[in-house]
Amino acid sequence: MEAGKPPIRFGVFEVDFASGELRKQGVKIKLQEQPFRALVAFVEHPSEVLTREELQKRLWPADTVVDFERGINKAINRLREALGDDADNPRFIETIPQRGYRFLAQVETAEVLRPSSALVPEIPPGPPGVPLMRRRGFLAAAGVTLGVAISAFAYRMQQTPSPRIESIAVLPLENLSGNPAQEFFSDGLTDELIGEVARIRSLRVISRTSIMQYKGGARKSVQAIARELNVDAILEGTVVQSGQRVRITAQLIRARDDRHIMSEEYERDLTDIIALQGDVARAIAGKIKIELTSVEQRSLTRTRRVNPEAYEAYLQGNFFLHQGIQGIAKSMDFFRQAIRMDASQPEAHAGLAEALCYAGIFGFRPSAETYQEARLAAQNALELDEGNAVAHNALADVKQGYDWDLAGAEKEFQRALQLNPSHLLTHLWYGECLTRMERYDDALAESGRALALDPVSPGANGNRAMLLWRARRYQESIEASKRALDVDTHFINALVWQGLSHAGKRDFPKAFASLTQAANMNNGPTFRALLGHVHGLAGDKGKALGILNEIATIAKQRFVSPVDFAVVYAGVGDADSTFLWLEKAYQVRAVGIQQLHSPYFDGFRSDPRYENLTRRVGLPSQTGRVP
């Protein structure tokens with residue numbers, strides 16, 4: 001780096017240009033080259049706005065070919081993570097919309113570190129006439145002193161414990177069966193192992209959505225994956241099923257030095273698969289010196305046996321649930337099949353509850369029906385295993401979406417996170433719940449925790465875009481949508497929030513581009529309704545009403561939520577029709593009724609019918625106030 005330049009301090013951090021290191025209170029923080037270059041640029045220009053073009057020049061040589069927009073976003077995000085900074089409430093790096101970034105902290109030049117006199121005694125010049133041999137004797141004595149000091153320092157370094165492993169990623173287990181049809185089994189066991197390791201509450205465990213990109217194909221190095229996921233360790237392994245026997249090999253690798261700290265093989269009968277997963281999780285805890293609580297010990301020593309066919313049906317249900325909207329119906333079929341085979345399996349009941357919640361959210365059936373079924377499934381799971389975080393999360397969604405009991409929902413979300421702090425879906429759904437209560441700062445804090453668990457997939461950024469749209473922070477929502485689309489250009493949720501946020505800024509051409517693309521990908525009534533809403537906002541009442549007619553035609557063939565009609569009428573400013581359809585949504589307990597505090601209905605907050613309806617569906621009263 002820059003050897004002659006003195007270190008710079010800001011707060012508890014120090015930038016050492018000579019070694020190219022960032023340190024916090026003397027402890028080195030892992031930071032890749034681009035984030036470090038960005039940090040150097042910031043501390044050299046504190047309080048100044050650095051444009052993205054300036055950062056591009058600082059981070060890459062002129063002849064570099066790379067996706068600069070995505071690269072800058074990743075570098076800034078990783079730098080913020082290293083500093084413990086929050087983009088929404090920044091202490092160090094402030095985003096200047098459409099321009100660049102500004103470094104907020106006060107910087108100062110640190111004292112140049114000099115060797116301690118305890119290690120290197122000062123050697124005075126010899127007086128005139130002193131023989132050379134006497135000087136050499138003095139130098140030899142100084143060398144002995146220095147050698148003793150260095151030996152003592154080395155001993156202290158050996159006694160210093162290695163940094164604790166506090167975060168881990170479980171990579172997709174490799175399917176060694178040779179049968180591609182068994183991929184659901186290896187993927188399913190990966191999911192289950194992630195959930196089992198996440199029972200160790202002091203570990204941050206990366207979500208399935210981020211780790212599945214490393215499945216198959218050319219595998220990156222462990223250290224590269226760990227850097228991308230910002231974890232201390234990687235667990236990788238294989239699985240093979242032969243008849244009723246299952247064998248898992250597991251290797252735990254410490255990222256900073258690529259050291260294998262565990263390499264074990266576990267084999268059990270498929271009926272003992274729950275115990276096998278607990279064996280792996282307990283072994284990890286032992287190798288990384290985590291002292292399990294009594295609750296964790298009990299959780300990881302469960303001995304319940306399973307029906308092999310029922311367990312495989314459960315894994316297939318999970319497999320299809322992760323396929324998105326198109327897999328929900330199949331997932332419910334497999335979960336029900338698993339329950340018919342073995343009704344004592346809490347995981348299948350919890351999976352069914354979660355799938356039913358999705359069916360209600362996406363309007364496959366009237367949410368009043370799906371939520372009542374979901375409640376029963378979640379309660380069945382909790383009767384069998386009160387510690388099932390998935391069931392508590394599903395029950396929370398029932399409480400907010402059907403009971404309109406936001407306080408009760410919050411308790412269930414918090415219980416789920418107490419049981420499994422790494423359960424991504426709970427963080428996402430809890431953040432959305434907090435926006436219903438208009439607690440936007442709390443919602444975005446929850447979103448930050450989700451991003452830490454899901455750093456390299458579009459899901460957490462898409463969810464954040466929705467929260468920011470509801471908070472009327474449209475430019476930030478557009479940026480979050482773009483981060484999601486950088487990972488998956490066809491991520492439909494990000495297209496929706498990007499389009500609605502452009503509409504919030506009255507940039508209708510961009511809004512139509514995003515929402516039309518989303519509607520072309522899924523031509524269901526909800527996506528058409530959003531397009532109709534924006535046509536209404538843009539003043540094109542004819543197109544909006546034309547979309548209403550299309551939705552009415554669909555409603556003759558399948559269930560359509562009354563909220564979809566209300567959203568279009570809200571866009572054209574028709575208050576009477578909007579409240580007519582919202583009242584119908586109230587009567588059938590449509591899940592979307594709790595979107596009353598979202599921007600769709602901002603134009604009606606001063607209407608007495610708005611306050612009356614928000615009170616009846618359990619939302620906080622905010623008459624006439626727009627966030």
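User: At what angle do the axes of helix α14 and helix α15 cross, and within what distance do they come?

Analyst: Two packed helices are described by the angle between their axes and the distance between the axes. In this predicted model, helix α14 (residues 389-401) and helix α15 (residues 406-419) cross at roughly 165°, and their axes come within 8 Å. Angles over 145 degrees count as roughly antiparallel, and α14 and α15 are therefore roughly antiparallel to each other. Their crossing is left-handed.

User: Which residues of α14 and α15 meet?

Analyst: On the α14 side the list includes A389, H392, L395, A396 and K399. On the α15 side it includes L406, A409, E412, F413 and A416. Q400 of α14 also meets α15, and Q400 is in contact with E432 as well.

User: Where is E432, and is it buried or exposed?

Analyst: E432 is found in helix α16 (residues 424-436). The cut-off for buried is under 20% relative accessible area; E432 has 10%, so it is buried. Apart from neighbours within four places in sequence, its contacts are Q400, M466, L467 and R470.

User: How do α24 and α25 pack?

Analyst: Helix α24 (residues 562-572) packs against α25 at an angle of about 165°, and the axes are 8 Å apart. The two helices are therefore roughly antiparallel, and α24 passes α25 in a left-handed crossing. Among the residues that meet are F565, A566, Y569 and A570 in α24, and T578, W581, L582 and A585 in α25.

User: What lies in the loop between α25 and α26?

Analyst: F601 lies there, with α25 covering 575-587 and α26 covering 608-616. F601 has 1% relative accessibility, so it counts as buried.

User: Which residues does F601 touch, not counting those up to four places away in sequence?

Analyst: They are A566, V567, A570, T578, L582, Q595, L596 and Y610. A566 and A570 belong to the α24 side of the helix pair, while T578 and L582 belong to the α25 side. The C-alpha atoms of F601 and G573 are separated by 9.3 Å, and these two residues are 28 apart along the chain.

User: Which residues have the most contacts inside the largest nonpolar core?

Analyst: L235 and F601 do, in a core of 160 residues. Helix α12 (residues 346-361) supplies the largest share of this core, 9 residues. A second, separate core has 29 residues, including I29, V43, A82 and F103.

User: What is the order of strands in the open sheet, and how do they pair?

Analyst: Strands of a sheet pair through backbone hydrogen bonds, either parallel or antiparallel. Here the open sheet has 3 strands in the order β5-β7-β6, and the pairing is antiparallel. β5 (49-51) and β6 (93-96) are at the edges with a single partner strand each, so one side of each has no neighbour in the sheet. From one strand to the next, the twist averages 30°.

User: How many bridges join β5 and β7, and which residue is the bridge partner of V49?

Analyst: β5 pairs with strand β7 (residues 100-103) over 3 bridges, in the antiparallel sense. The partner of V49 is R102 in β7.

User: Which helix packs on the sheet?

Analyst: Helix α2 (residues 52-59) does, touching β5 and β7. The direction of α2 makes about 70° with that of β5.

How values were computed:
Residues numbered from 1 in each chain as written. Predicted model: local features only at pLDDT ≥ 70, side-chain atom pairs only at ≥ 80, totals over all residues. Heavy atoms only, no water. Helix = DSSP H or I, 4+ residues; strand = E, 2+ residues; numbered from the N terminus. Buried < 20%, exposed > 50% of the residue type's maximum accessible area, 1.4 Å probe, protein only. Pairing = 2+ DSSP bridges. Axes fitted to C-alpha atoms, helices over the stretch in contact; angles between N-to-C directions. Contact = heavy atoms within 4.5 Å. Core = buried A, V, L, I, M, F, W, Y, C linked by side-chain atoms within 4.5 Å. Parallel < 35°, antiparallel > 145°, perpendicular 65-115°, else oblique. Left-handed = near helix turned anticlockwise from the far one by under 90°.
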